[in-house]
Amino acid sequence: MDRMERVLGHTFSRPELLREALTHRSAVSGRDPRRSRKAQPPKGTGSNERLEFIGDRVLGLLMAEWLLERYPEEQEGALGPRHAHLVSRTVLADIADDLELEEALQISPHEESAGIRRLSSIRADAMEALLGALYLDGGMEPARRVVRQYWDFRIDSQARPHKEPKTLLQEYLLSKGLPLPQYELLSSEGPSHAPVFRVGVSAQDRTGQGTAGSKRLAESAAATDLLRKLGQHVAS
């Protein structure tokens, strides 16, 4: 927790918020032997799920505010795709890696052995929870400072608004007069709170595969894989 405070540049007046942001639901038993079964706290109590909920909204507002400042001439049609990319789980997981957040997470031994610590969805959720904790502890300013520090090069990394890999793949195939890609769910494993999806996509007699914590992200990863096999550049 001391290291995370240094990385974030914020000393928590309520350190329990930081502790909660770093706690995966698998590390919380949630059961109080002093209470009846009906009086037990809801599943996930004490984990980072509630902070993730508010952190998602905080990031969305801060990013919208920043994009309006950075691109004063752009309209909603261009700002929307930029915003969607910058608050996506892919980018959130990359930011979490920059903070080495993975090493600070509290995860149950059982889930640890299943390898969920490295799932992009787990890292992305924890990053949102951190932003939620910062907001609840110190208001918008500490959350804004972290967003503008760690998203800085990403907001300027593309001259044009970002397009998702699935959209790029569809546009590429249509430009060649080819049929639309076909996606197939190859497998779905893991517990309900940390699933792992593997998706395949085929087009132009080639195939791509992707794995992620949601079907949508796995499809995006599969599209990226196929685009690269087709010789198309995909910006990260």
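Contact, as used in this tour, means heavy atoms within 4.5 Å. The model is predicted, so local features are reported only at pLDDT of at least 70 and side-chain atom pairs only at pLDDT 80 or more, while totals for chains, interfaces and linings use all residues. Residues are numbered from 1 along each chain as its sequence is written, and side-chain values use heavy atoms, leaving out hydrogens and water.

**Stop 1: the annotated site**

Select E52, D125 and E128, where an unreviewed UniProt entry places the feature "binding site". UniProt positions are given in the numbering used here, with shortened feature names, and such annotations may be inferred rather than shown by experiment. The three span 77 residues in sequence, yet no two of their C-alpha atoms are more than 5.9 Å apart, so they gather at one spot.

Next, display helix 7, which holds D125 and also E128. Helices (H or I, at least four residues) and strands (E, at least two) are DSSP runs, numbered from the N terminus. Buried means under 20% relative accessible area, exposed over 50% and partly exposed in between, with a 1.4 Å probe and protein chains only. D125 is buried at 15%, and E128 is buried at 7%. Leaving aside residues up to four places away in sequence, D125 touches E52 and R89. With that same exclusion, E128 is in contact with L51, E52, G55, D56 and L92.

**Stop 2: the nonpolar cores**

A nonpolar core is a set of buried Ala, Val, Leu, Ile, Met, Phe, Trp, Tyr and Cys residues joined through side-chain atoms within 4.5 Å. The largest one has 45 residues; select M4, M63, L99, L101, M127, L130 and W151 to see those with the most contacts inside it. Among the helices that each supply at least two residues of this core are helix 3 (49-70), helix 5 (89-98) and helix 7 (120-138). Helix 7 gives the most, with nine residues.

Centre the view on L130, which touches M4, L8, L18, A21, L22, L99 and L101, not counting residues up to four places away in sequence.

**Stop 3: two backbone exceptions**

Most residues other than glycine have a negative phi. Select E100, in the loop between helix 5 and helix 6 (109-114); its phi is positive, about 55°, although E100 is not a glycine. Finish at Q204, in the loop between strand 2 (196-203) and strand 3 (206-212). Q204 has a positive phi of about 50° and is likewise not a glycine. Its relative accessible area of 40% makes Q204 partly exposed.
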